[in-house]
Amino acid sequence: MENALRACCKGIKIGKILIHREGDNGQQLIYEKLPKDISDRHVLLLDPILGTGNSAVQAISLLIKKGVPESNIIFLNLISAPQGVHMVCKHFPRIKIVTSEIEIDLNKDFRVIPGMGEFGDRYFGTDDDDEQTVVPPPQQF
């Protein structure tokens with residue numbers, strides 16, 4: 001998502017937040033480097049998949065702690081689970097979420113289903129699974 005953003009918005013300042021997720025609610029901030037003037041900016045928070053919402057809540061909390069007003073954050077992702085959308089909106093009612101699709105649910109491993117498979121494997125072409133997945137039509141919310 002970062003490469004597409006750079007191609008679209010040349011010269012944009014980009015920060016990084018790395019949160020390691022373990023299961024449903026365990027997460028640890030591993031790394032963050034944000035522009036010094038981030039509190040004066042509108043922020044696009046990019047994450048390809050919104051699953052449980054716990055990592056997103058932690059990232060948004062960090063941005064707010066750095067002085068970014070909640071209403072200045074737009075959370076962009078490709079695929080969302082309903083649980084993640086509800087979690088983020090419950091904690092941050094003034095945030096804007098932009099997603100291309102809200103899927104059905106999360107499985108027992110907290111992965112979005114039906115989803116599009118493991119995002120990293122798809123992106124880097126390392127998926128060994130040649131099986132085709134039948135995807136039901138999306139639900140209306």
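Modeller: Gladly. Let's begin with Leu-63, which lies in helix 2; helices (H or I, at least four residues) and strands (E, at least two) are DSSP runs, numbered from the N terminus. Please keep in mind that this is a predicted model, where local features need pLDDT of at least 70, side-chain atom pairs count only at pLDDT 80 or more, and totals for chains, interfaces and linings use all residues. Residues are numbered from 1 along each chain as its sequence is written, and side-chain values use heavy atoms, with hydrogens and water left out.

Colleague: Is Leu-63 buried or exposed?

Modeller: Buried means under 20% relative accessible area, exposed over 50%, and partly exposed in between (1.4 Å probe, protein chains only). Leu-63 counts as buried because its relative accessibility is 2%. Across the chain, buried residues make up 28% of the 141 residues.

Colleague: Which residues is Leu-63 in contact with, leaving aside neighbours within four places in sequence?

Modeller: Contact means heavy atoms within 4.5 Å. By that rule Leu-63 is in contact with Ile-17, Leu-34, Ile-38, Val-43, Leu-45, Val-68 and Ile-73, leaving aside those neighbours. Ser-39 is 24 residues from Leu-63 in sequence, and their C-alpha atoms are 8.1 Å apart in space.

Colleague: Which members of the largest nonpolar core touch the most other members?

Modeller: A nonpolar core is a set of buried Ala, Val, Leu, Ile, Met, Phe, Trp, Tyr and Cys residues joined through side-chain atoms within 4.5 Å. The largest one here has 19 residues, and Leu-45, Ile-60, Leu-63, Ile-73, Val-88 and Ile-95 touch the most other members. At least two core residues come from each of strand 3 (43-46), helix 2 (54-65), strand 5 (73-80) and helix 3 (82-91). Helix 2 gives the largest share, six residues.

Colleague: How do helix 2 and helix 3 cross?

Modeller: Axes are lines fitted to C-alpha atoms, for helices over the stretch in contact, and angles run from 0 to 180 degrees between N-to-C directions. The axes of helix 2 and helix 3 come within 9 Å and cross at roughly 30 degrees.
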